[in-house]
Each structure stands twice: as C-alpha cells, then as structure tokens.
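Please look at the sequence and the model first.

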Amino acid sequence: MTIRNKAFIAGAWEHPTRLAPDKTTPQLHAECAAGVLADAGLSLTDVDGYFCAGDAPGFGGLSMIDYLGLQVRHVDSTDTGGSSYILHVSHAAQAIAAGHCSVALITLAGRPRSEPFRGMRMNAPETPFEHWVGATTHNSYGMCAARHMHEHGTTPEQLAWIKVAASTHAQHNEHAMLRDVVSVEDVLASPMISDPLRRLDCCVVSDGGGALLVVAPEIAKSLKRPLVAVRGAGEAVKGPRGGMNLDLTTSAAAVSGPAAFAEAGVSPADIQYASIYDSFTITVLIQLEDLGFCAKGAGGRFVADRNLISGVGALPFNTDGGGLCNSHPTNRGGITKVIEAVRQLRGEAHPAVQVPNCGLAVATGIGGALGQRHGAATLILERQ
Amino acid sequence: MTRTVPAPEPNVETQPFWDAAAQGKLLIRRCNACGEPHYYPRALCPFCLSADTRWEEAGGTGAIYSLSTMRRGKDAPYTLAYVVLDEGPAVLTNIDADPDDVAIGQRVRVGFVATEGGPPVPMFVPISVSG
C-alpha cells in the first residue's frame with residue numbers, strides 16, 4: 001500500500017507568538033487547533049484522529065484529547081523529537097488510507113522561554129553512560145560539524161551561508177524573531193558556543209506552536225483551500241548501535257529521504273522548494289547531502305553558491321526564515337517545516353520569497369540529537 | 001577537570017562496569033554468539049540479541065573520532081568527544097585536557113575521574129608523543 005495521493009494537508013497554521021508568559025502550554029495547543037481548523041474551514045467535531053508528541057502535556061494523547069474536547073477513533077503519540085510532526089503527517093496519511101480516520105489533527109506547542117527546562121529522560125538505557133558527559137544539543141551537533149569538516153573540508157564560512165540564506169528570507173516575515181539580514185562575516189564574528197558552532201549557527205529558542213490537518217481526498221476537495229497532496233514519505237532512526245556504527249556525517253535522512261522520493265516517484269531535481277530542519281547550520285548541510293541535493297561532502301560548496309536563497313539559487317529553503325531566524329517552537333522545528341512548505345504550495349508564502357508556480361516541495365527533519373541518537377522524517381508534497 | 005561531574009546511577013544490568021571503574025578498569029561487552037563487541041554495555045547483544053554476552057577489559061587506548069569544546073556556561077570549557085577504542089566500539093566521553101591541545105585522530109588513553117558521590121567515570125587524556 002502506498003500513501004501517495006491518499007491524503008491531503010487541508011490546514012496549516014503557525015502560532016504568531018514567540019514569547020508566551022501569560023498562557024499555558026495546553027492553551028497554546030488549543031489555540032493552534034482552533035487556528036488550523038479555521039484555516040481549513042473545518043470544525044472541532046470534524047476531527048476524528050489526533051497526533052501529538054513529547055511536547056504535549058500529560059499522558060500521551062490522552063490529556064490533550066480530553067482538554068481539547070476531541071472525540072477520535074485514531075490516536076498516535078509517536079515521539080521522534082522535532083521530526084515527529086513530519087512523521088505524523090505520514091502516519092496520518094496511512095491511517096486515512098486504511099480508513100481509520102478522515103480528519104487528523106496534529107498539534108505542537110510549548111514555552112521553553114517561559115517554563116523551566118524539564119530535563120532529559122533519566123530512565124533511558126544510555127543515561128548512566130552519557131548523562132555525565134555534559135552533552136547538550138550544541139556540543140552534540142558540534143561534534144557532527146567538526147567531523148564533517150575533518151572528512152570533507154567543510155568550512156565555517158560555508159556553514160555561515162546557510163544562516164545568510166535564512167536571514168535573507170526572514171527579513172520579510174513580520175513574526176520572525178531575527179529579521180536582520182546577516183553576512184558571512186557577521187556569523188563568523190558571533191561568539192563561539194561549542195566548537196565549531198557559533199551563536200549564529202544555532203536556531204532561536206521560541207515559545208509558540210503550530211498545527212496541521214491531514215484529511216481524506218473527498219474532504220480536501222470539498223473545502224475552499226488549494227489542494228496539497230501527500231505524495232511520498234519516509235522515516236528512520238539512527239544511533240551509534242553499541243558504538244560500532246558511529247557515523248556523524250550521515251543522518252537517518254539518508255534512509256528517510258530516498259524512501260520518500262521513491263514513494264513519490266520523483267527525484268531531488270524535481271523539487272522546487274525545500275523545508276529543511278535547521279536546529280543548526282550543520283543540520284541543514286548534512287540533510288542536503290543525505291537527500292541527494294548534492295553529493296556527500298559537497299554540501300559546503302552547494303550552500304556557498306547561494307543555492308538556498310529564494311529567487312537566486314536552485315533550491316529555495318525555509319522561506320519563513322526557518323528555525324535559524326523565524327521560530328523553533330518548544331525546541332521542535334518539524335511542524336513549521338511542513339507549514340512553510342504548504343504555504344509555498346498554496347502560493348501563500350511572502351511574495352518576496354514565493355517560488356513561482358511551486359508544485360512540488362519537500363519537508364524533512366531531524367529530531368533528537370544528531371551526535372547521539374536521532375529520528376528523521378521526510379515528506380514529498382504536491383500541489384494538485 | 002574543572003567541571004563537577006554528576007554521579008552515574010548503576011543498575012543491575014551494568015553494576016560490574018562501575019565496580020571495575022572503581023578499580024581503574026574500562027569494561028566493554030562482547031557477544032559470545034556473534035563475536036561483536038559493544039559499548040555502552042547491554043545484557044543482550046545489539047547485533048544479534050543473544051543473551052550470551054560477557055564482560056571484557058579494554059586496553060583503554062583509542063583515537064578521537066570527533067570532539068566539540070563547550071565555550072559557554074558555568075562549566076565551560078569542557079570537551080565532549082567520541083573515542084574509538086582499539087577494540088572497535090566508540091565511547092561518548094570527555095577529553096580531560098586543554099581544549100587547544102586536542103584534535104580529531106589524536107591517540108588517547110582512559111583515566112577515571114571522580115564524580116559527585118558515585119563511581120568514577122571513564123574520560124580520556126592525550127597520549128604524549130614520548131609516552
């Protein structure tokens with residue numbers, strides 16, 4: 001069974017807040033749910049499937065389903081970190097294709113700027129061997145960047161071009177946290193956080209959230225919104241597996257990407273717009289290679305050739321400013337990747353960054369820690 | 001090590017590792033069924049899921065696969081790294097040395113560092129050219 005053309009994204013909504021000290025996290029989830037239903041032209045009682053991940057307060061989906069007042073016949077709380085929501089679209093399409101639901105709601109929300117960090121999962125099997133090393137996302141991804149530079153000669157200047165492209169797009173987004181266009185020199189002059197990643201190699205920290213509605217074809221066609229079909233999807237999880245499979249320069253997207261392209265029956269050369277998870281600049285570079293937009297090791301040259309800048313290069317990316325400049329709600333950027341891809345396919349991106357006649361887009365993400373264990377999910381979306 | 005190191009919490013699956021660490025020995029786990037070594041240690045082999053696995057003392061030397069030195073925060077600077085042991089498995093660890101004197105590919109040797117009220121943990125120091 002394939003999910004190709006079995007489901008459509010009928011609603012995509014990003015919360016405009018970036019700092020929410022006066023709201024609760026469940027409240028933000030509910031505002032995202034209300035926002036996405038209004039975007040699609042559907043109502044609460046139309047929803048019969050619910051998807052959430054580790055940012056959802058409470059016990060799996062149970063607390064949020066009750067809080068939101070949903071009545072569902074399908075629930076999925078798969079958590080692969082920030083990539084979860086890209087994966088949820090695929091799982092929702094599978095459930096719709098199997099007849100298990102027809103309107104699937106996916107929500108993400110959180111307040112990392114307004115609530116204390118809840119900490120890592122202390123019952124994980126790796127915890128006794130890893131929690132004392134002082135691993136953060138910064139040094140975990142820093143090790144990936146250092147190894148990529150060692151193996152392939154990638155430079156800090158090349159990584160900086162990814163931030164330059166994101167900031168070039170973010171200047172047009174009124175909600176973006178960082179709207180100033182930066183130069184390679186600006187990135188290299190920003191403080192070192194964890195070698196070789198500097199402050200401007202890192203994404204923002206933002207309160208906020210987003211939501212998606214994945215619906216059956218007959219429902220999508222009854223609505224007034226442009227048709228955005230799920231054409232292909234892939235997912236994978238990768239870790240060092242007993243320390244014998246360590247490879248920090250290739251991500252699980254090397255599995256999820258080709259799987260998604262194969263299901264969609266298209267190639268990277270066909271893609272007109274790419275949402276690429278950008279927790280750090282290096283995250284983007286490795287995924288570009290793993291998805292086949294350039295060869296392994298050629299990512300540095302690809303981004304330094306300005307390929308990611310809309311209207312300039314061959315592969316406009318993250319035209320909302322991405323996690324690097326716009327938002328990275330609750331430290332999980334997967335849902336905003338899908339949302340901007342939908343905006344592009346609908347022709348609703350900012351005119352300054354809209355890809356003309358955008359018909360085919362990819363949204364891909366990495367969740368967890370690229371340097372330790374992580375999940376990847378890739379979606380191919382098509383305007384019909 | 002300028003950083004205070006939090007104590008690991010041994011459990012029934014890994015207690016022998018920590019008992020050995022207290023004696024300055026680095027243990028890895030090896031599968032009797034498929035022969036593969038692994039780290040961090042599990043009761044069942046992550047390559048064939050056999051329960052026929054054994055503890056093995058590693059030589060304690062290896063090479064830095066990658067590293068990143070944290071430059072911000074109260075504990076900075078400290079260096080996170082993967083060290084690939086000569087037996088094969090990679091170990092997520094810290095390099096207990098001046099960050100400006102360490103690099104990918106460098107040969108290192110294990111040393112055990114005290115923690116806050118728990119068993120010591122395996123970190124690594126560069127092997128000097130003369131040593």
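What percentage of the 384 residues in chain A is made up of buried residues? Buried residues make up 62% of them; a residue is buried if 20 or more other C-beta atoms, placed from the backbone, lie within 10 Å of its own, exposed if 12 or fewer, and partly exposed in between.

## Basis of the model

This is a predicted model, in which local features need pLDDT of at least 70 and side-chain atom pairs count only at pLDDT 80 or more, while totals for chains, interfaces and linings use all residues. Residues are numbered from 1 along each chain as its sequence is written, and chains are lettered from A and ligands numbered from 1 in the order in which they are written.

## Chain A as a whole

Chain A has 13 helices and eleven strands. These are DSSP runs numbered from the N terminus: helices are H or I with at least four residues, strands E with at least two.

The C-alpha atoms of chain A fill a box of roughly 55 × 50 × 40 Å along the principal axes.

Among contacts in chain A with a separation of 6 or more, 77% are between residues 24 or more positions apart. Two residues are in contact if their C-beta atoms, placed from the backbone, lie within 7 Å.

## A:Met177

A:Met177 lies in the loop between α6 (156–170) and α7 (184–189) of chain A. A:Met177 counts as buried because it has 20 C-beta neighbours inside 10 Å. Beyond its neighbours within four places in sequence, A:Met177 is in contact with A:Arg18, A:Val204, A:Ser206, A:Cys325, A:Asn326 and A:Ser327.

## Where chains A and B touch

The contact takes 28 residues from chain A and 36 residues from chain B. On the side of chain A, α4 (127–130), α5 (137–152) and β5 (192–194) each give two or more residues. The largest share, seven residues, comes from α5(A).

## A sheet in chain B

Three strands of chain B form an open sheet in the order β2-β1-β3, with antiparallel pairing. Two strands pair if DSSP finds at least two bridges between them. The edge strands are β2 (37–38) and β3 (53–57) of chain B. Strand β1 (residues 27–31) of chain B pairs with β3(B) over five bridges, and B:Arg30 stands opposite B:Arg54 in β3(B).
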